[in-house]
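Hello,

Here is the structure I promised to pass on to you. Have a look at it first, and then read my notes below.

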Amino acid sequence: VTPLLRRIRVTHRVETVLEAEGVFIDAIGAVVALVTLQIVISPAVEDIAMGALDVFLRLGFGVVAGGVCGVLLALLLRVKRVVPEGLENVLTLSIALALFQVSNAILPESGITSVTAAGFVVGNMRTHVGEDLREFKEQLTVLFIGMLFVLLAADVRLDEVRALGTPGILTVLCLMFVIRPLNVAASTVGSDLTWKERTFIAWLSPRGVVAAAIASLFAQDIAAFGIYGGDGLRALVFLVIAVTVLLQGLTGGLVASALGLRRPSHQGTVIIGANELGHAIGNLLREHGEEVVFVDHNPNACHVVERDRFQVVYGNPLEDRSLQRARIDDRAALVAVSRSDELNYIVGKNVAERYRLRQVGIAASRAQSTVNPKMIREIGANMLFGEPRDLELWSLRLRRGLAAVLACRVTAAPKGDAPFAPPSNILLPLVTVRKGKATVFHDASGLKADDRIHVAVFQERREEAETWLQEQGWIVEA
């Protein structure tokens, strides 16, 4: 489900419901299915009562054991030097395997619940290797799912699938168009999900590797008790997997678009740094219809822009969860104008490498030499304001009212490849507007006739600044 949702990009509420279902249904469904099998094989009254109790015992034990183990593992990974550097991923995998095996040894079929609960805890606690763990997990997911599908599918014969015939097809269609919608309808009673959201959730329910593994286990247990039909059951499950993955995977995007549940992509700007310079840029972008989200860990700065009715994410921009809260994967641009050159560069580099934003702009200060235009261009980002500027100075001027923002109309573009190079510390180019579209000025902006450019002007030398602008043949509008 998760890879499909990454491609389809539905609204966050629907995505959360489907991802949560995908995580929890594997653990809960596996335990319920296995206990149900035991009840079917031994249908005595006392076995049915004990079977119902077993479901809660195994799920409860798995949640407790996994929760405790997850907390301990997260604490180990939170403190540096406790785990030797470079061995964090190996340790996590080893503990996950050990937890699975020990849980199953204590209470059969509780292992999958234990590792799910542990993963949930570790994934939601802060550790210094959180990003490395996620990348390692993604690699293992691709490797193991591909390997397991090959191994499990090797036990299924095409003749067994063909033998299902029309009843098999009708069963799959019944699961998709009757059972699943009824399931969703019953499960969402009382929720505030709209009928469109419920319809999409009812449609997108591809089965996967856990269902295949359980089916193979069922086939073995049924055969061991001399019950006929184990191979047919396994073939039916693989038919369900094939049909749902192909049909719902291929049509999921079309259904989401028809229901109006696709997230808008490449819209809005994330500004790193809620200082006065970032605030001024945000105001200009919002005036031209751009959605703006600020990310900063300074509570006072966040409060100022929040009072101006901007969306604000209070958190460390270096943490992936802060960027996710700003919906970075749906945005068109990132503008890093914090007071730290290193933070601007690291966040910009991370976003440029991981997300498909159309524009990543990084600001650098003249007073520092750790980040330079060459480094910024090498990662595929743009140098904000055309060149390194004294960011602290301009923030101070804006805060004290020593700088004003002017709008100019470009009547003639710079000749040849000549860059826009205003007098240093007198003019600061902020935002350009071309055909109604506003973008933050950077080294590759390339001014054209009829563009509008908003610049910050040092008030004490405003006359000098306006004279320079007029020499360019530009008209100061405000």
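**What I found**

F177 is found in helix α7. Please keep in mind that this is a predicted model. With a relative accessibility of 46%, F177 counts as partly exposed, because that class covers values between 20% and 50%.

F177 also belongs to a nonpolar surface patch of about 770 Å². Which helix gives the largest share of the nonpolar patch? That is helix α7, residues 158–187, with eight residues.

Next, have a look at helix α2, which runs over residues 12–41 and has 30 residues. From its first C-alpha to its last, α2 reaches 42 Å, close to the 44 Å expected at 1.5 Å a residue. Where is the kink in α2? The kink, of about 40°, is centred on I25. As for burial, the buried residues of α2 include V14, E15 and L18, as well as A27, A30, V31, L34, V35, L37, I39 and I41.

Finally, there is R234, whose place is in helix α10, residues 230–259. Is R234 buried or exposed? R234 has a relative accessible area of 10%, so it is buried, as buried means under 20%. If you leave aside neighbours within four places in sequence, R234 is in contact with D155, V156, A215, S216 and A219.

Enjoy exploring it, and write back with any questions.

Best wishes

Conventions: Residues numbered from 1 in each chain as written. Predicted model: local features only at pLDDT ≥ 70, side-chain atom pairs only at ≥ 80, totals over all residues. Heavy atoms only, no water. Patch = residues over 30% accessible without salt bridge, like charges linked within 9 Å, V, L, I, M, F, W, Y side chains within 5 Å. Areas by Shrake-Rupley, 256 points an atom, 1.4 Å probe, with all protein chains shown as cover. Salt bridge = Lys/Arg side-chain N within 4 Å of Asp/Glu carboxyl O. Helix = DSSP H or I, 4+ residues; strand = E, 2+ residues; numbered from the N terminus. Buried < 20%, exposed > 50% of the residue type's maximum accessible area, 1.4 Å probe, protein only. Expected span 1.5 Å × (residues − 1). Bend = angle between axes of the 7 residues up to and from the residue. Contact = heavy atoms within 4.5 Å.
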